[in-house]
Amino acid sequence: MKLIAFHNIKGGVGKTASAVNIAYQASASGIPTLLWDLDPQGAASWYFSRQAPSDAKAAKLVKGKTPIGRLITESGLPQLDLIPSDVSFRNMDLQLEKHGHANALQSWVEPLAEDYALVILDCPPSLSRLAENIFAAADRIYVPMIPTWLSVNSWEQLQAFVKDKGLDRKRFHPFFTLVDRRKRLHREFLEKPPEDIKRRLAGYIPYASDIERMGEYRQPVALFAPRSPAALAYRLMWEQMRKQLKL
Ligand SMILES: Nc1ncnc2c1ncn2[C@@H]1O[C@H](COP(=O)(O)OP(=O)(O)O)[C@@H](O)[C@H]1O
Ligand SMILES: [Mg+2]
(Lines give C-alpha, C1' and ligand atoms only; values in the text may rest on other atoms or scores of the structure.)
(Ligands and ions follow the chains in the order given, each with its own letter.)
Protein backbone atom coordinates (compact mmCIF):
# COMPACT_ATOMS: atom_id res chain seq x y z
CA MET A 1 0.00 0.00 0.00
CA LYS A 2 1.19 3.49 -0.87
CA LEU A 3 0.35 6.60 1.12
CA ILE A 4 0.39 10.03 -0.48
CA ALA A 5 -0.58 13.45 0.85
CA PHE A 6 -1.65 16.72 -0.71
CA HIS A 7 -0.29 19.41 1.53
CA ASN A 8 0.46 23.10 1.53
CA ILE A 9 0.83 25.59 4.38
CA LYS A 10 -1.57 27.80 2.43
CA GLY A 11 -5.28 27.31 1.83
CA GLY A 12 -7.04 27.81 -1.47
CA VAL A 13 -4.18 26.43 -3.60
CA GLY A 14 -5.95 23.34 -4.94
CA LYS A 15 -5.10 20.65 -2.38
CA THR A 16 -8.64 19.34 -2.18
CA ALA A 17 -9.36 19.65 -5.90
CA SER A 18 -6.16 17.70 -6.60
CA ALA A 19 -6.80 15.05 -3.93
CA VAL A 20 -10.34 14.40 -5.20
CA ASN A 21 -9.40 14.27 -8.88
CA ILE A 22 -6.26 12.20 -8.38
CA ALA A 23 -8.23 9.82 -6.13
CA TYR A 24 -10.73 9.45 -8.96
CA GLN A 25 -8.00 8.86 -11.56
CA ALA A 26 -6.38 6.22 -9.39
CA SER A 27 -9.62 4.39 -8.69
CA ALA A 28 -10.67 4.59 -12.34
CA SER A 29 -7.41 2.91 -13.31
CA GLY A 30 -8.45 -0.03 -11.16
CA ILE A 31 -6.48 0.75 -8.01
CA PRO A 32 -8.44 0.26 -4.77
CA THR A 33 -8.16 3.75 -3.29
CA LEU A 34 -9.09 5.41 -0.02
CA LEU A 35 -9.36 9.19 0.26
CA TRP A 36 -9.01 10.48 3.83
CA ASP A 37 -10.32 13.99 4.36
CA LEU A 38 -8.19 15.28 7.23
CA ASP A 39 -9.35 18.87 6.93
CA PRO A 40 -12.07 19.66 9.50
CA GLN A 41 -13.59 21.97 6.89
CA GLY A 42 -14.57 18.81 5.07
CA ALA A 43 -14.37 20.03 1.47
CA ALA A 44 -13.30 16.67 0.02
CA SER A 45 -16.15 14.88 1.84
CA TRP A 46 -18.56 17.48 0.59
CA TYR A 47 -17.64 16.74 -3.03
CA PHE A 48 -18.95 13.23 -2.49
CA SER A 49 -22.00 14.47 -0.55
CA ARG A 50 -21.02 12.23 2.31
CA GLN A 51 -21.81 13.05 5.89
CA ALA A 52 -19.40 12.07 8.61
CA PRO A 53 -20.45 8.85 10.36
CA SER A 54 -21.71 9.72 13.82
CA ASP A 55 -19.17 7.64 15.69
CA ALA A 56 -16.20 8.94 13.71
CA LYS A 57 -14.24 10.60 16.43
CA ALA A 58 -10.61 11.49 16.05
CA ALA A 59 -10.14 11.35 19.81
CA LYS A 60 -11.15 7.68 19.85
CA LEU A 61 -8.85 6.91 16.94
CA VAL A 62 -5.91 8.64 18.55
CA LYS A 63 -6.49 6.91 21.88
CA GLY A 64 -6.70 3.59 20.09
CA LYS A 65 -10.35 3.12 21.05
CA THR A 66 -11.69 2.83 17.54
CA PRO A 67 -10.22 0.94 14.58
CA ILE A 68 -9.73 3.07 11.50
CA GLY A 69 -12.04 0.80 9.50
CA ARG A 70 -15.04 2.20 11.41
CA LEU A 71 -14.44 5.61 9.90
CA ILE A 72 -14.66 4.43 6.27
CA THR A 73 -17.69 5.13 4.08
CA GLU A 74 -18.41 4.44 0.42
CA SER A 75 -17.78 7.25 -2.03
CA GLY A 76 -20.46 6.10 -4.44
CA LEU A 77 -17.79 5.36 -7.07
CA PRO A 78 -16.21 1.99 -7.82
CA GLN A 79 -12.83 1.26 -6.16
CA LEU A 80 -12.99 4.50 -4.17
CA ASP A 81 -13.78 4.78 -0.46
CA LEU A 82 -13.69 7.74 1.83
CA ILE A 83 -12.89 8.70 5.38
CA PRO A 84 -15.04 11.80 5.68
CA SER A 85 -13.89 14.75 7.67
CA ASP A 86 -15.19 14.99 11.18
CA VAL A 87 -15.46 18.09 13.34
CA SER A 88 -13.43 16.27 15.94
CA PHE A 89 -10.50 16.20 13.49
CA ARG A 90 -10.13 19.78 14.65
CA ASN A 91 -8.76 18.40 17.90
CA MET A 92 -6.47 15.89 16.27
CA ASP A 93 -3.44 18.03 16.88
CA LEU A 94 -4.19 18.37 20.57
CA GLN A 95 -4.90 14.65 20.80
CA LEU A 96 -1.65 13.85 19.03
CA GLU A 97 0.25 16.09 21.46
CA LYS A 98 -1.32 14.28 24.39
CA HIS A 99 -1.46 10.67 23.30
CA GLY A 100 0.37 10.38 20.02
CA HIS A 101 3.91 10.03 18.85
CA ALA A 102 5.64 10.98 15.62
CA ASN A 103 4.60 7.69 13.98
CA ALA A 104 1.01 7.53 15.25
CA LEU A 105 -0.59 8.10 11.87
CA GLN A 106 1.64 5.47 10.33
CA SER A 107 0.32 2.90 12.78
CA TRP A 108 -3.32 3.89 12.18
CA VAL A 109 -3.05 3.44 8.42
CA GLU A 110 -1.19 0.13 8.49
CA PRO A 111 -4.36 -2.05 8.70
CA LEU A 112 -5.67 -0.32 5.56
CA ALA A 113 -3.14 -2.23 3.47
CA GLU A 114 -5.49 -5.23 3.55
CA ASP A 115 -8.10 -3.42 1.46
CA TYR A 116 -6.37 -0.57 -0.36
CA ALA A 117 -3.39 -0.17 -2.65
CA LEU A 118 -3.42 3.60 -2.32
CA VAL A 119 -4.40 5.96 0.50
CA ILE A 120 -4.62 9.67 -0.28
CA LEU A 121 -4.63 12.31 2.46
CA ASP A 122 -6.26 15.69 1.88
CA CYS A 123 -4.49 17.80 4.50
CA PRO A 124 -5.42 20.94 6.40
CA PRO A 125 -3.20 23.97 5.68
CA SER A 126 -0.82 23.95 8.61
CA LEU A 127 2.57 22.85 9.86
CA SER A 128 1.29 21.11 12.94
CA ARG A 129 1.94 17.91 14.83
CA LEU A 130 -0.48 16.29 12.41
CA ALA A 131 1.61 17.50 9.46
CA GLU A 132 4.70 16.03 11.09
CA ASN A 133 2.91 12.68 11.38
CA ILE A 134 1.78 12.87 7.76
CA PHE A 135 5.27 13.70 6.52
CA ALA A 136 6.72 10.82 8.50
CA ALA A 137 4.24 8.31 7.09
CA ALA A 138 3.72 9.35 3.46
CA ASP A 139 5.61 7.80 0.56
CA ARG A 140 5.22 11.07 -1.34
CA ILE A 141 3.95 14.51 -0.40
CA TYR A 142 2.56 16.52 -3.29
CA VAL A 143 2.48 20.27 -2.82
CA PRO A 144 0.16 22.25 -5.12
CA MET A 145 1.44 25.77 -5.73
CA ILE A 146 0.01 28.77 -7.51
CA PRO A 147 2.89 30.27 -9.53
CA THR A 148 3.51 33.37 -7.39
CA TRP A 149 6.40 34.58 -5.24
CA LEU A 150 4.37 34.09 -2.09
CA SER A 151 4.14 30.39 -2.94
CA VAL A 152 7.91 30.23 -3.18
CA ASN A 153 8.00 31.65 0.32
CA SER A 154 5.59 28.95 1.60
CA TRP A 155 7.68 26.27 -0.11
CA GLU A 156 10.79 27.58 1.65
CA GLN A 157 8.96 27.50 4.99
CA LEU A 158 7.95 23.93 4.35
CA GLN A 159 11.50 22.97 3.42
CA ALA A 160 12.79 24.56 6.61
CA PHE A 161 10.26 22.60 8.68
CA VAL A 162 11.17 19.35 6.95
CA LYS A 163 14.85 19.96 7.54
CA ASP A 164 14.26 20.92 11.16
CA LYS A 165 12.38 17.65 11.78
CA GLY A 166 15.08 15.63 10.07
CA LEU A 167 12.69 14.34 7.37
CA ASP A 168 13.68 13.19 3.90
CA ARG A 169 13.16 16.13 1.53
CA LYS A 170 13.24 13.99 -1.59
CA ARG A 171 9.70 12.76 -1.00
CA PHE A 172 8.26 16.26 -1.46
CA HIS A 173 7.09 17.24 -4.94
CA PRO A 174 5.59 20.61 -5.78
CA PHE A 175 3.42 21.12 -8.83
CA PHE A 176 1.77 24.20 -10.28
CA THR A 177 -1.99 24.62 -10.03
CA LEU A 178 -4.49 27.34 -10.88
CA VAL A 179 -2.20 28.31 -13.74
CA ASP A 180 -3.53 31.19 -15.80
CA ARG A 181 -1.44 31.54 -18.94
CA ARG A 182 -2.86 35.01 -19.53
CA LYS A 183 -0.76 36.16 -16.59
CA ARG A 184 2.81 37.04 -17.42
CA LEU A 185 4.13 35.91 -14.04
CA HIS A 186 2.50 32.50 -14.44
CA ARG A 187 4.07 32.05 -17.88
CA GLU A 188 7.46 33.10 -16.52
CA PHE A 189 7.24 30.63 -13.65
CA LEU A 190 6.38 27.81 -16.03
CA GLU A 191 9.21 28.64 -18.40
CA LYS A 192 11.80 29.29 -15.73
CA PRO A 193 10.72 28.04 -12.32
CA PRO A 194 12.60 29.54 -9.36
CA GLU A 195 15.67 27.49 -8.38
CA ASP A 196 14.30 26.68 -4.93
CA ILE A 197 11.40 24.71 -6.36
CA LYS A 198 13.03 21.35 -6.76
CA ARG A 199 11.61 17.96 -7.73
CA ARG A 200 8.63 19.59 -9.40
CA LEU A 201 6.20 17.45 -11.37
CA ALA A 202 6.09 18.14 -15.10
CA GLY A 203 2.97 19.78 -16.49
CA TYR A 204 0.49 21.78 -14.46
CA ILE A 205 -3.17 22.07 -13.54
CA PRO A 206 -4.69 25.01 -15.43
CA TYR A 207 -7.06 27.52 -13.96
CA ALA A 208 -10.33 26.05 -15.20
CA SER A 209 -13.96 26.88 -14.61
CA ASP A 210 -14.69 23.13 -14.93
CA ILE A 211 -12.77 22.61 -11.69
CA GLU A 212 -14.84 25.29 -9.98
CA ARG A 213 -17.94 23.53 -11.24
CA MET A 214 -17.06 20.38 -9.31
CA GLY A 215 -19.07 21.93 -6.49
CA GLU A 216 -22.12 22.11 -8.71
CA TYR A 217 -21.87 18.48 -9.86
CA ARG A 218 -20.30 17.16 -6.66
CA GLN A 219 -18.11 14.96 -8.82
CA PRO A 220 -14.53 14.71 -9.99
CA VAL A 221 -14.08 16.77 -13.15
CA ALA A 222 -13.45 13.73 -15.38
CA LEU A 223 -16.98 12.49 -14.73
CA PHE A 224 -18.89 15.52 -16.01
CA ALA A 225 -16.28 17.02 -18.37
CA PRO A 226 -14.18 14.04 -19.50
CA ARG A 227 -12.63 15.80 -22.48
CA SER A 228 -11.82 19.06 -20.71
CA PRO A 229 -8.23 20.35 -20.37
CA ALA A 230 -8.65 20.05 -16.59
CA ALA A 231 -9.55 16.36 -16.75
CA LEU A 232 -6.62 15.74 -19.10
CA ALA A 233 -4.23 17.62 -16.80
CA TYR A 234 -5.20 15.48 -13.81
CA ARG A 235 -4.88 12.32 -15.87
CA LEU A 236 -1.35 13.24 -16.96
CA MET A 237 -0.43 14.19 -13.40
CA TRP A 238 -1.75 10.89 -12.12
CA GLU A 239 0.36 9.00 -14.68
CA GLN A 240 3.48 10.68 -13.28
CA MET A 241 2.49 9.89 -9.72
CA ARG A 242 1.71 6.32 -10.63
CA LYS A 243 5.21 5.87 -12.00
CA GLN A 244 6.78 7.48 -8.94
CA LEU A 245 4.74 5.22 -6.67
CA LYS A 246 5.37 2.13 -8.80
CA LEU A 247 1.66 1.28 -8.77
N1 LIG B 1 -7.34 24.55 -11.22
C2 LIG B 1 -8.36 25.26 -10.72
N3 LIG B 1 -9.07 26.11 -11.51
C4 LIG B 1 -10.08 26.85 -11.01
N5 LIG B 1 -10.49 26.79 -9.75
C6 LIG B 1 -9.84 25.95 -8.91
C7 LIG B 1 -8.75 25.14 -9.35
N8 LIG B 1 -8.31 24.42 -8.28
C9 LIG B 1 -9.09 24.76 -7.25
N10 LIG B 1 -10.02 25.68 -7.61
C11 LIG B 1 -11.02 26.34 -6.78
O12 LIG B 1 -10.31 27.13 -5.82
C13 LIG B 1 -10.86 26.98 -4.54
C14 LIG B 1 -9.83 26.37 -3.58
O15 LIG B 1 -9.47 25.09 -4.05
P16 LIG B 1 -9.23 23.88 -3.04
O17 LIG B 1 -8.86 22.70 -3.85
O18 LIG B 1 -10.40 23.72 -2.13
O19 LIG B 1 -7.99 24.44 -2.22
P20 LIG B 1 -7.35 23.95 -0.83
O21 LIG B 1 -7.82 22.57 -0.56
O22 LIG B 1 -5.87 24.06 -1.06
O23 LIG B 1 -7.82 24.94 0.20
C24 LIG B 1 -12.10 26.11 -4.71
O25 LIG B 1 -13.22 26.94 -4.83
C26 LIG B 1 -11.84 25.36 -5.99
O27 LIG B 1 -13.03 25.07 -6.66
MG1 LIG C 1 -8.84 21.77 1.10
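## Overall build

The secondary structure of this protein, seen here as a predicted model, comes to 12 helices and 8 strands. Its radius of gyration is 17 Å, close to the 18 Å that the globule rule gives for 247 residues, so the protein is as compact as a globular protein of that length.

## Where the ligand sits

Now let's turn to the ligand. The largest pocket is the space taken by ligand 1. There are 15 residues around ligand 1, and those that come nearest are Gly12, Lys15, Thr16, Ala17 and Pro206.

Helix 1 gives the largest share, with 3 residues.

## Contacts with the ligand

Thr16 takes part through its side chain: one of its polar atoms lies 2.9 Å from an oxygen atom of ligand 1. Gly14 uses its backbone instead, with a polar atom 3.1 Å from an oxygen atom of ligand 1. At Pro206, a polar backbone atom is 2.8 Å from a nitrogen atom of the ligand.

How much of ligand 1 does the protein bury? Taken alone, ligand 1 exposes 560 Å², and the protein buries 79% of that.

Conventions:
Residues numbered from 1 in each chain as written. Chains lettered and ligands numbered in written order. Predicted model: local features only at pLDDT ≥ 70, side-chain atom pairs only at ≥ 80, totals over all residues. Heavy atoms only, no water. Near = heavy atom within 4 Å. Polar contact = N/O pair within 3.5 Å; in protein donor to acceptor, adjacent residues only side chain to side chain. Areas by Shrake-Rupley, 256 points an atom, 1.4 Å probe, with all protein chains shown as cover. 1 Å grid on protein atoms, 1.4 Å probe; cavity = no way out; pocket = protein on both sides within 12 Å on 5 of 7 lines; lining within 4 Å. Sits in = over half its atoms within 2 Å of the grid points. Helix = DSSP H or I, 4+ residues; strand = E, 2+ residues; numbered from the N terminus. Rg over C-alpha atoms; globule rule 2.2 N^0.38 Å.
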